[in-house]
Amino acid sequence: MTIVYALVSRQKTVLAEYTATSATGNFPTVTRVLLSKIPTHDGTMSYVYDSHMFHYVVENGICFLCMSDELRKHRIPYAFLQDMKQRFIARYGTAIPQTAIAFSMNDEFSRVIQDRMDFYNSDAAEHAVDSIGAVKSQIEDVKGVMVENIEKVLERGEKIELLVDKTDRLNQQAFKFESSSRNLRRTLYWRKMRGYICVGIGITVLLYLAMVSLCGGFGMKKCFSHS
């Protein structure tokens, strides 16, 4: 189980988010589209997108969302969301987030998200979730969480937008690969040229030393003596 992305938002206004360094893909774009579809009333939901799951909990109009790469396990992501929600409310309350501007809490709370994400991605998380009674009772409710394919909530234009975003990412990766290949060819060329120069210098030095030896020393009197 790996949680790779998480955020806190008020409808489409993202207040804080964190992305694991190992994560790749266009999930930030998918998330922004998904946020516009999430109801503002309290509730929980999970969406399937490609090989990932988006899980969210909404409370008092604030959405706590994460993405994991495990399609069939929901306990850890929802334990993570409950933990993140409790820490967020303890720090900011319920009133401040209702008027906060985008990313105003990101500098501070993204570090909290990272810390809790690291914990729930560790082996210790399974034991902690199973042993803590309060968390275990909350996770039991996950069994009734509805799971849908994200395609059901996306409109045609949004699907095209997401597809273009993926294509752009592939084009960027191809450009990076081409640039890397060009840099590699340039590096190999100059390495070869340095090799040729070193060989040339070595041959020149050897020829000079041979002439010095044959001509009777560095003065080369034998070779350049006047009759």
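**Exercise 1. Find the salt bridge between E17 and R32, and work out how exposed each partner is.**

Step 1: Look at the two side chains. E17 and R32 meet in a salt bridge, 3.3 Å from N to O. The term stands for a side-chain nitrogen of Lys or Arg within 4 Å of a carboxyl oxygen of Asp or Glu.

Step 2: Helices (H or I, at least four residues) and strands (E, at least two) are DSSP runs, numbered from the N terminus.

Step 3: E17 is buried, because its relative accessible area is 19%, while R32 counts as partly exposed at 29%. Buried means under 20% relative accessible area, exposed over 50%, and partly exposed in between (1.4 Å probe, protein chains only).

A quick word on what you're looking at: this is a predicted model, where local features need pLDDT of at least 70, side-chain atom pairs count only at pLDDT 80 or more, and totals for chains, interfaces and linings use all residues. Residues are numbered from 1 along each chain as its sequence is written, and side-chain values use heavy atoms, with hydrogens and water left out.

**Exercise 2. Work out which residues are linked with D83 in a network of salt bridges.**

Step 1: Begin with D83 itself. Its side chain meets that of R87 in a salt bridge, at 2.5 Å from N to O.

Step 2: Ask where these two sit. Both R87 and D83 belong to helix α2, four residues apart, or about one turn of the helix. An α-helix has 3.6 residues a turn, so residues three or four places apart point the same way.

Step 3: R116 forms a salt bridge with D115, with 3.1 Å between the closest N and O atoms.

Step 4: The network links D83, R87, D115 and R116. R87, at 38%, is partly exposed, and so is D115, at 42%.

Step 5: The structure has six salt bridges.

**Exercise 3. Decide whether S9 is buried or exposed, then list what S9 touches.**

Step 1: Locate S9 in strand β1, which covers residues 3-10.

Step 2: Read the accessibility. S9 has a relative accessible area of 0%, so S9 is buried.

Step 3: List the contacts (heavy atoms within 4.5 Å). Not counting residues up to four places away in sequence, S9 touches V14, L15, L35, G61, I62 and C63.

Step 4: Follow the side chain. The side chain of S9 reaches the backbone oxygen of Q11 at 3.1 Å. Q11 is in the loop between β1 and β2 (13-19), and has a positive phi of about 55° without being a glycine.

**Exercise 4. Explain why helix α1 is largely enclosed by the rest of the structure.**

Step 1: Count the buried residues. In helix α1 (residues 27-35), seven of the nine residues are buried, so the helix is largely enclosed by the rest of the structure.

Step 2: Name them. The buried ones in α1 are F27, T29, V30, T31, V33, L34 and L35.

**Exercise 5. Find how far apart F109 and L7 are, in sequence and in space.**

Step 1: Find F109 in helix α3. F109 is buried, at 0% relative accessibility.

Step 2: Compare the two separations. F109 and L7 are 102 residues apart in sequence, and 9.6 Å apart in space from C-alpha to C-alpha.

Step 3: See what F109 touches. Leaving out residues up to four places away in sequence, F109 contacts V8, A16, M84, R87, F88, R91 and Y92.

**Exercise 6. How many disulfides does the structure hold?**

Step 1: Use the cut-off. A disulfide is a pair of cysteine sulfur atoms within 2.5 Å.

Step 2: Give the count. The structure holds zero disulfides. Take C66, which is in no disulfide: the nearest cysteine sulfur, that of C63, is 9.9 Å away.

Step 3: Check the surroundings. C66 is buried at 0% relative accessible area, whereas C198 is exposed at 53%.

How values were computed. Polar contact = N/O pair within 3.5 Å; in protein donor to acceptor, adjacent residues only side chain to side chain.
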